[in-house]
Amino acid sequence: EGVGPQEYLGIKMEVVEWSDAVKAKIEAVIGSRTAYLVPATLRPETLYGQTNCFVGPSIKYGVFAMNDKEAYICTVRAARNMAFQGTSAPRGVVNQLAEFDGIELVGTKAKAPFSLNPEVYVLPMDGVVATKGTGVVTSVPSDSPDDYATFFELRKKAEYYKIDPKWVAIEPVPVVETGAYGNMIAYTLAKQLKIQSPKDTKQLAEAKDIAYKEGFYTGVMIAGEFKGLKVQDAKPKIRESMIEHGVAFPYAE
Ligand code: A2H
């Protein structure tokens with residue numbers, strides 16, 4: 001980070017059902033386009049374990065027409081970047097169809113490409129920042145300590161957070177086997193570092209660091225097309241495979 005561009009993978013999560021709060025607003029402007037939430041990730045090899053998708057509740061999002069057939073949901077900042085990366089046409093033009101707050105998207109249901117759980121819901125995460133990636137984050141509680149902490153906080157206190165229990169019913173699954181931390185590294189780290197909630201920011205920062213390094217250097221795939229391969233070797237192959245299948249695109253910033 002810091003030096004040179006960050007090479008993310010943008011994932012195309014096709015919306016199958018809008019939340020009540022945005023349904024009318026978006027359907028009025030989208031025409032015949034297919035809509036996608038487009039999280040940016042650095043860990044495409046974990047996508048077999050998606051259980052949901054996160055947005056920042058008070059961040060502004062837009063629906064952007066990328067062309068005549070597709071519309072993406074992300075921050076305006078990300079849509080501007082994409083306009084200069086060949087993701088939308090014509091080059092440099094941003095065509096925003098609607099705007100709303102992240103909280104309004106919560107409960108929207110979308111396809112999760114390559115995930116063992118084929119459809120997931122949008123949930124709120126306070127830690128999502130508008131200044132990174134697309135402002136949309138795909139969630140893998142088995143491998144990401146941040147995703148783990150927020151997912152279980154929302155499940156535990158569903159009523160308090162106004163979360164329909166069916167939005168948090170999908171079970172995390174093992175996708176990467178690590179040397180010392182087992183096949184659900186975020187669970188192991190949460191226990192070892194006594195992470196109780198997303199407020200445990202100090203332990204979460206440490207856990208994130210360990211999970212990222214351990215996953216990359218000792219991880220072996222135990223799910224998907226590249227089962228048995230080291231994460232290091234599988235990572236670029238999964239990235240390519242998703243792009244080939246038309247369910248992902250490169251996104252840099
Ligand atoms: B990662 P870096 Cl399994 N706000 O994807 C907060 N976090 C964001 C974000 C935003 N606007 N945009 C992307 N991210 C997350 C998977 C994953 C990720 C796993 C483990 C670790 C991990 C599933 N969530 O990231 O600061 C996204 O979550 C830990 C670094 O640009 C993205 O990859 O390095 C990562 O942060 C990008 O963070």
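Student: In which helix is the place of A186?
Tutor: Before we look, note that this is a predicted model: local features need pLDDT of at least 70, side-chain atom pairs count only at pLDDT 80 or more, and totals for chains, interfaces and linings use all residues. Residues are numbered from 1 along each chain as its sequence is written. Helices (H or I, at least four residues) and strands (E, at least two) are DSSP runs, numbered from the N terminus. A186 has its place in residues 185–192, helix α5.

Student: Is A186 buried or exposed?
Tutor: Count the other C-beta atoms, placed from the backbone, within 10 Å of a residue's own: 20 or more is buried, 12 or fewer exposed, and in between partly exposed. A186 has 27 C-beta neighbours inside 10 Å, so A186 counts as buried.

Student: What distance separates the C-alpha atoms of A186 and S142?
Tutor: Leaving aside neighbours within four places in sequence, the contacts of A186 (C-beta atoms, placed from the backbone, within 7 Å) include S142, D143 and S144. Although A186 and S142 are 44 residues apart along the chain, their C-alpha atoms are separated by 5.4 Å.

Student: Which residues come nearest to the ligand?
Tutor: Being near means a C-beta atom, placed from the backbone, within 6 Å. β4 (40–41), β11 and α6 (201–218) each supply at least two residues of the shell. Of the 23 residues around the ligand, the nearest are T41, T46, G133, D143 and S144.

Student: Which residues of β11 point the other way from V136 and T138?
Tutor: In a regular strand, side chains alternate between the two faces of the sheet. All four residues here are buried, with V136 and T138 pointing one way from β11 and the other way V137 and S139.

Student: Which residue in β11 is the bridge partner of F54?
Tutor: Strand β5 (residues 52–55) runs antiparallel to β11, and four bridges join them. Within β11, the bridge partner of F54 is V137.

Technical notes: Contact = placed C-beta atoms within 7 Å. Pairing = 2+ DSSP bridges.
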